[in-house]
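I opened this entry to go through the model region by region. My notes follow the display.

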Amino acid sequence: MMRKHSIAPVIMIIVFSLVLMGMSGLGTVAPQNGAVSSFHAKVMDTTNNTVEVTSVTIDGKTLFQASLGKGKARIPFENISRITIKDKTACVAMKNSQELCSLKINEISKVYGNTSFGTYQIALKDVVWIEISRSQP
């Protein structure tokens with residue numbers, strides 16, 4: 001006599017296994033886009049909290065991107081000493097003492113990095129200023 005086996009338990013085991021494998025990465029945060037940065041930053045948010053961040057990037061890149069009129073400005077971190085943001089507009093103080101203002105930020109862009117307590121990320125729209133410096137070897 002032939003036994004009839006139900007396929008339901010096999011499907012449940014497969015689905016449960018896939019769910020468990022997918023959860024293996026929970027609680028860990030890889031650097032944005034695998035980016036490695038040799039820059040540090042001090043970031044102040046709109047609630048006046050200041051955080052020191054190492055290996056800092058914005059959207060996984062070591063440059064600040066913003067709209068300048070109808071064009072786009074891409075400023076490498078090595079040229080920036082401070083970025084000040086107010087009302088979706090940024091002013092960038094350069095290391096050569098020049099200043100570039102009236103830059104429109106992408107509000108969903110994020111600052112990423114590491115801190116002494118773990119990883120850190122914040123949307124540019126929630127930042128008041130960022131001071132950038134090169135990491136010491």
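I looked up Lys88 and found it partly exposed, at 46% relative accessibility. My cut-offs: buried is under 20% relative accessible area, exposed is over 50%, and partly exposed is in between (1.4 Å probe, protein chains only). Lys88 sits in the loop between β5 and β6. Its phi is positive, about 65°, although Lys88 is not a glycine. Most residues other than glycine have a negative phi.

Notes on the source. This is a predicted model, in which local features need pLDDT of at least 70 and side-chain atom pairs count only at pLDDT 80 or more, while totals for chains, interfaces and linings use all residues. Residues are numbered from 1 along each chain as its sequence is written, and side-chain values use heavy atoms, with hydrogens and water left out.

Next, the hairpin. β5 and β6 form it with two residues between them. Asp87 in the turn also has a positive phi, about 50°. I take helices (H or I, at least four residues) and strands (E, at least two) as DSSP runs, numbered from the N terminus. Strand β5 covers residues 80-86 and strand β6 residues 89-94; six bridges pair them in the antiparallel sense. Two strands pair if DSSP finds at least two bridges between them. Lys86 stands opposite Thr89 in β6.

What else does β5 join antiparallel, over three bridges? The partner is strand β10, residues 127-134. There, Ile83 has Ile130 as its bridge partner.

I then searched the whole structure for disulfides (cysteine sulfur atoms within 2.5 Å) and found one. Cys91 and Cys101 form the disulfide, with sulfur atoms 1.8 Å apart. Cys91 lies in β6 and Cys101 in strand β7 (residues 99-104), so the pair ties together parts 10 residues apart in sequence. The torsion about the S-S bond is about 115°, so I noted the disulfide as right-handed. Cys91 is partly exposed at 22%. Cys101 is partly exposed at 27%.

The structure holds one aromatic pair. Phe39 and Phe77 form it edge-to-face, 5.5 Å centre to centre with 90° between the planes. Phe39 lies in strand β1 (residues 39-45) and Phe77 in the loop between β4 (71-76) and β5, so the pair ties together parts 38 residues apart in sequence. Rings of Phe, Tyr and Trp (its six-membered ring) pair if their centres lie within 6.5 Å; planes under 30 degrees apart count as stacked, over 60 as edge-to-face and the rest as tilted.

I checked Ser109 in the loop between β7 and β8 (110-115). Ser109 is buried at 5%. Beyond neighbours within four places in sequence, its contacts include Ile58, Ile122 and Leu124. Contact means heavy atoms within 4.5 Å.

Ser55 lies in strand β2 (residues 50-58). Its phi is positive, near 50°. Ser55 is partly exposed at 21%.

Last, confidence. I read pLDDT as the predictor's confidence in each residue, from 0 to 100. The protein has a mean of 84, and 74% of its residues reach 70 or more. Over residues 23-34 pLDDT stays under 50.
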